[in-house]
Amino acid sequence: ARIELFGGDQEQAFATFVGAAALAEPIDARGAAVILAEAISAGIQTPGVSVADAAAGLEHLLRPDDPFLEFVASQALCMAASIAGDARSVEWGRRAGAALDDGALQLDSALHLFWAGRARFILGQNDEAAALARRSAERARDDGALGLLPQALRLLAAADFDRGRWRSAYAAAGEAASLSRELGQNSTLGASLGLLAEIDAATGNET
């Protein structure tokens, strides 16, 4: 599903994530919740796909006494509510932020740092988003997790662009585009090229 999410058919990615969550739930409810959160990431990028059932299932599995699950679920439910025009996105966003601020939450993998950066970006906290995206990219390089690196760089570029650091944003988006092209991550390539075009347009380079 992750391969499809970043390099193939996002509708298929959504369906595969949902199916995996259904298989996992009887034996690993926490794991199923994390998979549903990833399903929402795929579904909100796919025209014609409703993430309402996945969001409802995720909310059902939410356990507030689990800081990691609270964070993962809240940031996904924030995205799902936002795309649906549901005002609860604000509350889910606040919960995601509170979970990130909880001293009990320890994030050290490149993937989890990326999720945390994305949550901060959703909340408009671009300084924090950029710092987490940079940490995610550094960890991905250190661990050889090249598959995640283009996403971390694209997030860093988006956060830097939104906070007025266009030169560093352009560099990060350019590297994300180059890596995603080499890795066959077509959706990330499209997003990175779109951001490069936006920066070019903002600097007057219309062509």
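User: Is serine 136 buried or exposed, and how is that read?

Analyst: Buried means under 20% relative accessible area, exposed over 50%, and partly exposed in between, with a 1.4 Å probe and protein chains only. Serine 136 counts as buried because its relative accessibility is 0%. This is a predicted model, in which local features need pLDDT of at least 70, side-chain atom pairs count only at pLDDT 80 or more, and totals for chains, interfaces and linings use all residues. Residues are numbered from 1 along each chain as its sequence is written, and side-chain values use heavy atoms, with hydrogens and water left out.

User: Where does serine 136 lie, and what does it touch?

Analyst: Serine 136 is in helix α8; helices (H or I, at least four residues) are DSSP runs numbered from the N terminus. Contact means heavy atoms within 4.5 Å. Leaving out residues up to four places away in sequence, serine 136 touches Ala110, Leu113, Phe114, Leu148 and Ala152.

User: How do I describe the packing of α7 and α8?

Analyst: Two packed helices are described by the angle between their axes and the distance between the axes. Axes are lines fitted to C-alpha atoms, for helices over the stretch in contact, and angles run from 0 to 180 degrees between N-to-C directions. Here the axes of α7 (residues 110-122) and α8 (residues 126-143) come within 8 Å and cross at roughly 165°. The two helices are therefore roughly antiparallel (over 145 degrees). On the α7 side, the contact is made by residues including Ala110, Leu113 and Phe114, and on the α8 side by residues including Leu132, Ser136 and Ala140.

User: Why do the buried residues of α11 line one face of the helix?

Analyst: The buried residues of α11 are Thr188, Leu189, Ser192, Leu195, Leu196, Ile199 and Asp200. Seen down the axis, they fall within an arc of 140°, so they line one face; the arc is that of the directions from the helix axis to the C-beta atoms. What covers them includes α1 (2-7), α9 (149-162) and α10 (166-183).

User: What span should α11 have?

Analyst: The expected span is 1.5 Å times one less than the number of residues. For the 17 residues of α11 (residues 186-202) that gives 24 Å, and the end C-alpha atoms are 24 Å apart, which agrees. Glycine 204, with a positive phi near 90°, follows α11.

User: What does leucine 179 touch?

Analyst: Leucine 179, found in helix α10, touches Leu149, Pro150 and Leu153, not counting residues up to four places away in sequence. At 18% relative accessibility, leucine 179 counts as buried.

Note on methods:
Parallel < 35°, antiparallel > 145°, perpendicular 65-115°, else oblique.
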